[in-house]
Amino acid sequence: MNPTPLASEIYRPAPLAGPVLLRALTLGLRLLPPELAHHLALAALALAGRVHLGRLLLPRLLPPPPPMPLQLGDLMFINRVGLAAGYDKNAVALEGLALLGFGHIEVGTITPQPQPGNQKPRVFRRLRQGALINRMGFPSLGAAVVARRLQRYRLGHPLGTPPLLAVNIGKNKQTPLAEAASDYALAATQLAPYADLLVINVSSPNTPELRALQTPEHLARILQATRVAARTAAGRDLPVWVKLAPDLDGDDLSIIVKQLCADGLVLTNTTVARPTELDRGDQAGGLSGWPLAQRALAVQSQVINQGCNLPVIASGGVVGPVQAVERLRGGASLVQLWTGLVLRGPALIGLVGRALADVEGQHD
Ligand SMILES: Cc1cc2nc3c(=O)[nH]c(=O)nc-3n(C[C@H](O)[C@H](O)[C@H](O)COP(=O)(O)O)c2cc1C
């Protein structure tokens, strides 16, 4: 069974949202190379989180989503809108990101040892298609450095307080697949004490062979090793979610999901496929944003229709309220944003949160 084709409709750019100042800043950032723009955005958020004026102004400029609580196991999410992994890989701007009103933030991917990632340039905007292409390859300061940052962050934000912190872990590039489980366990040992939950990333297309770990056998070993390491290090059982690729063959996906003993699924990561309007000879890497929406939704529907009762966290192509509502109506518990934040600016968080709350209100 082949994966669903990518969206064939043309992306109709939605206007930037939010106050003029933030719209101007978002437009200004587009004049810079994508990775530099991203680092500046993170630096601005880190600063806003540190200074009194920032802490006062940000929530006023960007009203957070209304409360829309959801209990998943022991975790209480205050709303359904989260930040997807890869935005703050090294936990540099958590204080500022927390001010934006997310119900959860997925930090990482963090590898056990530091590594530089792929050569730059490695992020490319495709704004006319509503997309990004990235081949970052897990640049990471390593689990020990990030753990120290999380420890500091936790002084003001205890475990269990909003936004919940999901910590996404991966393997180092040099680690052979046969030893992958010990990489996840090493990262879990360092990071679990500060995490509300862990996410196993076996779906990034930019670490050679990583996606080959998406088999029941590999995943069983990785989950077992991660759970044991996390329990030993943190002294409690943490929920462990698994993030899957949108490019899995349908039959393989069905077998994986049937046998998976995870606590949740993040569906999906970026795709290596390309829609027709993007040149197939375009940059290598994972494609995110609008063209991915239809396929990510199809993966979610397949998983839910096969009777899987794990909570689904919708990632992939949620570039506006329409896709967010579609994913929740389709059975997802939460949605995550990444490319949409580049396309629409940070006001998207509130827009999506309000749309989801409105839909819920209609059912009351
Ligand atoms: C520049 C960039 C870096 C990313 N890095 C990671 C990562 O380190 N780990 C991960 O699990 N996903 C990573 N992702 C994937 C996102 O978390 C998300 O799953 C994907 O972009 C699809 O969502 P979107 O269409 O809303 O962007 C990255 C995405 C982008 C655009």
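These are my notebook entries on what I looked up in this predicted model.

**Ground rules**

I number residues from 1 along each chain, as its sequence is written. Because this is a predicted model, I read local features only at pLDDT of at least 70 and side-chain atom pairs only at pLDDT 80 or more, while totals for chains, interfaces and linings use all residues.

**Entry: the whole chain**

I found 12 helices and 13 strands in the protein chain. Both are DSSP runs numbered from the N terminus, with at least four residues (H or I) for a helix and at least two (E) for a strand. Along the principal axes, the C-alpha trace spans about 50 × 50 × 50 Å.

Next came burial: 52% of the 364 residues are buried. A residue is buried if 20 or more other C-beta atoms lie within 10 Å of its own, exposed if 12 or fewer, and partly exposed in between, with C-beta atoms placed from the backbone.

I also checked contacts, meaning pairs whose C-beta atoms, placed from the backbone, lie within 7 Å. Among those with a separation of 6 or more, 73% join residues 24 or more positions apart.

**Entry: around the ligand**

Which residues come nearest to the ligand? I noted Ala 84, Gly 86, Ser 288, Trp 338 and Thr 339, out of 28 around it. Strand S4 (104-110), strand S6 (131-134), strand S11 (286-289) and helix H11 (339-344) each give two or more residues to this shell. Being near here means a C-beta atom, placed from the backbone, within 6 Å of the molecule.

By class, I have 10 nonpolar, 16 polar and two charged residues in the shell. Ala, Val, Leu, Ile, Met, Phe, Trp, Tyr, Cys and Pro count as nonpolar, Asp, Glu, Lys and Arg as charged, and the others, Gly among them, as polar.

Helix H6 (residues 180-191) reaches 17 Å from its first C-alpha to its last, close to the 16 Å expected for 12 residues; the expected span is 1.5 Å times one less than the number of residues. Since 10 of its 12 residues are buried, H6 is largely enclosed by the rest of the structure. Its buried residues pack against S4, helix H5 (143-156), strand S7 (164-169), strand S8 (197-201) and helix H7 (216-234).

I moved on to the largest nonpolar core, which has 107 residues. Such a core is a set of buried Ala, Val, Leu, Ile, Met, Phe, Trp, Tyr and Cys residues joined through C-beta atoms within 7 Å. Ala 188 and Leu 191 are among the members that touch the most others, and H6 gives the largest share, eight residues. Beyond its neighbours within four places in sequence, Leu 191 contacts residues including Ile 110, Val 146 and Val 167.

I spotted a cis peptide bond between Gly 108 and Thr 109, with omega about 10°; Thr 109 lies in S4. Another cis bond runs from Leu 267 to Thr 268.

Phe 138 is not a glycine, yet its phi is positive, about 55°. Is Phe 138 buried or exposed? With 23 C-beta neighbours inside 10 Å, Phe 138 counts as buried. Glu 209 also has a positive phi, near 70°, but Glu 209 counts as exposed, with 11 neighbours.

Conventions
Two residues are in contact if their C-beta atoms, placed from the backbone, lie within 7 Å.
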